[in-house]
Amino acid sequence: MIRRTREDLLAQRARLLAEVHMTHDELQRRAESYTLSARELSVWHTIEGIDRLLAGDR
């Protein structure tokens, strides 16, 4: 089992957004309009997972 701290998850989330040069809101809008590249879509799915983990950490 891999354990990640909240800080680790936030840092990974920030790195992923920087990789695709978008804010979370922009990435989400583009995901909702189906205009992401394959790499961007992969990042979006990873960020969704991170967000679920962060929400459960409260």
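**Helix packing in a predicted model**

The buried residues of helix 3 pack against helix 1 (6-20) and helix 2 (24-32). The model is a predicted one.

Q: How do you know what span to expect of helix 3, and what span does helix 3 reach?
A: The expected span is 1.5 Å times one less than the number of residues. Helix 3 covers residues 38-56, which is 19 residues, and the expected span is 27 Å. From its first C-alpha to its last, helix 3 reaches 27 Å, close to that expectation.

Q: Which residues of helix 3 are called buried, and what cut-off applies?
A: A residue is called buried under 20% relative accessible area. In helix 3 this term applies to Glu40, Val43, Trp44, Ile47, Ile50 and Leu54. Their directions, seen down the axis of helix 3, fall within an arc of 130°, so these buried residues line one face of the helix. On the other side of helix 3, Ala38, Arg52, Leu53 and Gly56 are exposed.

Q: Why are helix 1 and helix 3 described by the term they are given for their relative direction?
A: Angles over 145 degrees count as roughly antiparallel. The axes of helix 1 and helix 3 cross at roughly 160° and come within 10 Å. Helix 1 and helix 3 are therefore roughly antiparallel to each other. Their crossing is left-handed.

Q: Which residues meet where helix 1 and helix 3 pack?
A: From helix 1, the residues involved include Leu9, Leu10, Arg13, Leu16, Leu17 and Val20. From helix 3, they include Glu40, Val43, Ile47, Ile50 and Leu54.

Q: How is the packing of helix 2 and helix 3 described?
A: The axes of helix 2 and helix 3 are 10 Å apart, and the two helices pack at an angle of about 115°. Helix 2 passes helix 3 in a left-handed crossing. His24, Leu27, Gln28, Arg30 and Ala31 in helix 2 meet residues of helix 3, among them Trp44 and Asp51.

Q: What makes the buried residues of helix 2 line one face?
A: His24, Leu27 and Ala31 are the buried residues of helix 2. Seen down the axis of helix 2, they fall within an arc of 70°, so they line one face of the helix. What covers them includes helix 1 and helix 3. The face turned away from this buried side carries the exposed residues Arg29 and Glu32.

Q: How do you know whether Tyr34 is buried or exposed?
A: The relative accessible area of Tyr34 is 77%, so Tyr34 is exposed. Tyr34 lies in the loop between helix 2 and helix 3, and its phi is also positive, near 55°.

Technical notes. Residues are numbered from 1 along each chain as its sequence is written. This is a predicted model: local features need pLDDT of at least 70, side-chain atom pairs count only at pLDDT 80 or more; totals for chains, interfaces and linings use all residues. Side-chain values use heavy atoms; hydrogens and water are left out. Helices (H or I, at least four residues) and strands (E, at least two) are DSSP runs, numbered from the N terminus. Buried means under 20% relative accessible area, exposed over 50%, partly exposed in between (1.4 Å probe, protein chains only). The arc is that of the directions from the helix axis to the C-beta atoms. Contact means heavy atoms within 4.5 Å. Axes are lines fitted to C-alpha atoms, for helices over the stretch in contact, and angles run from 0 to 180 degrees between N-to-C directions. Angles under 35 degrees count as roughly parallel, over 145 as roughly antiparallel, 65 to 115 as roughly perpendicular and the rest as oblique. A crossing is left-handed if the near helix is turned anticlockwise from the far one by less than a right angle, and right-handed if clockwise.
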